Amino acid sequence: MENISGKTLPKIWFFDMEGTLLQKDFALDNGKVAPSAWTVLAKLISEECYIEEELSKDRWNSGKYSGYLDWMTDTIRIQQKHGLKKWHIDEVVKIAKLHDGAHELVKAIKATSAKIVLISGGIKPLADKVQRELKIDHAFSACEYFFDESGNLEFYNLLPTDNEGKVSFMLQIANEYGVKPSECVFIGDGKNDISLAKSVGISIAFNAQVELCQVATFSIKQKKGQENLADIKRLIFSSDSF
């Protein structure tokens with residue numbers, strides 16, 4: 001596999017979460033948007049919730065929402081309508097698994113003193129799990145739920161951390177560290193990552209939707225069930241660097 005050995009290594013690594021650091025459910029990949037915990041959660045709540053959530057994807061793709069916050073607000077309305085409880089969120093977090101090679105890649109990145117940042121359009125409990133397990137420096141996610149003692153949704157906090165919004169969070173972190181976007185790398189898997197992929201020096205499409213592959217600097221394609229982030233280490237670093 002081609003690598004960029006000999007060139008200046010990235011100073012900040014930005015990662016998408018679901019489908020990139022976390023394994024995705026290919027059975028839920030219908031091409032509308034990248035498979036995510038939003039769909040897993042809807043399926044867990046009920047089949048009716050899943051069907052309605054799928055319709056929200058159609059509305060998003062046809063431009064019916066004013067922005068990502070509007071779409072998430074409607075998604076939460078759908079979840080509440082069909083009986084969202086805290087245990088649903090807990091179960092989604094419980095079953096989430098890191099891709100093979102995640103710890104190996106993070107270890108290699110940390111050996112260069114680079115920073116690692118997670119920017120996800122997903123839910124905060126998942127981002128918390130990934131950040132804790134991989135010791136990621138910074139993590140931004142789109143939705144934080146607040147439940148009462150009975151496990152009912154009491155309130156929520158939303159952040160526009162998807163699509164074009166990912167770029168704004170990248171720029172904020174890069175500015176904090178005095179790093180140029182051209183000195184950063186991004187790894188993702190969805191067409192919602194296109195804007196961020198175009199805004200950094202190196203972008204890697206990891207088993208990604210075709211739209212992201214078309215704009216990324218590099219594209220890694222692996223067989224289903226054999227996804228391994230160690231291939232990114234081999235791509236960016238020389239084979240004898242670590």
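Visitor: At what angle do helix H4 and helix H6 pack, and how far apart are their axes?

Guide: This is a predicted model. In it, H4 (residues 86–95) and H6 (residues 124–134) pack at about 30°, and their axes lie 9 Å apart.

Visitor: Why is the crossing of H4 and H6 called right-handed and not left-handed?

Guide: A crossing is right-handed if the near helix is turned clockwise from the far one by less than a right angle. H4 passes H6 in that right-handed sense.

Visitor: Which residues make the contact between H4 and H6?

Guide: Contact means heavy atoms within 4.5 Å. From H4 come Ile89, Val92, Val93 and Lys94. They meet Pro125, Leu126 and Lys129 in H6. By class, the contact has five nonpolar and two charged residues, with no polar ones. Lys counts as charged, so Lys94 and Lys129 fall in that class.

Visitor: What makes strand S3 and strand S8 edge strands?

Guide: The open sheet has six strands in the order S3-S2-S1-S6-S7-S8, with parallel pairing. S3 (138–140) and S8 (218–220) each have a single partner strand, so one side of each is left without a neighbour in the sheet. From one strand to the next, the twist averages 15°.

Visitor: How do you know that S2 and S3 pair?

Guide: Pairing needs at least two bridges. Three bridges join S2 (residues 115–119) to S3, so the two strands pair. They run parallel. Leucine 118 stands opposite alanine 139 in S3.

Visitor: Which helix packs on the sheet, and which strands does it touch?

Guide: Helix H5 (residues 102–110) does, touching S1 (12–15) and S2. The direction of H5 makes about 155° with that of S1.

Conventions. Residues numbered from 1 in each chain as written. Predicted model: local features only at pLDDT ≥ 70, side-chain atom pairs only at ≥ 80, totals over all residues. Heavy atoms only, no water. Axes fitted to C-alpha atoms, helices over the stretch in contact; angles between N-to-C directions. Helix = DSSP H or I, 4+ residues; strand = E, 2+ residues; numbered from the N terminus.
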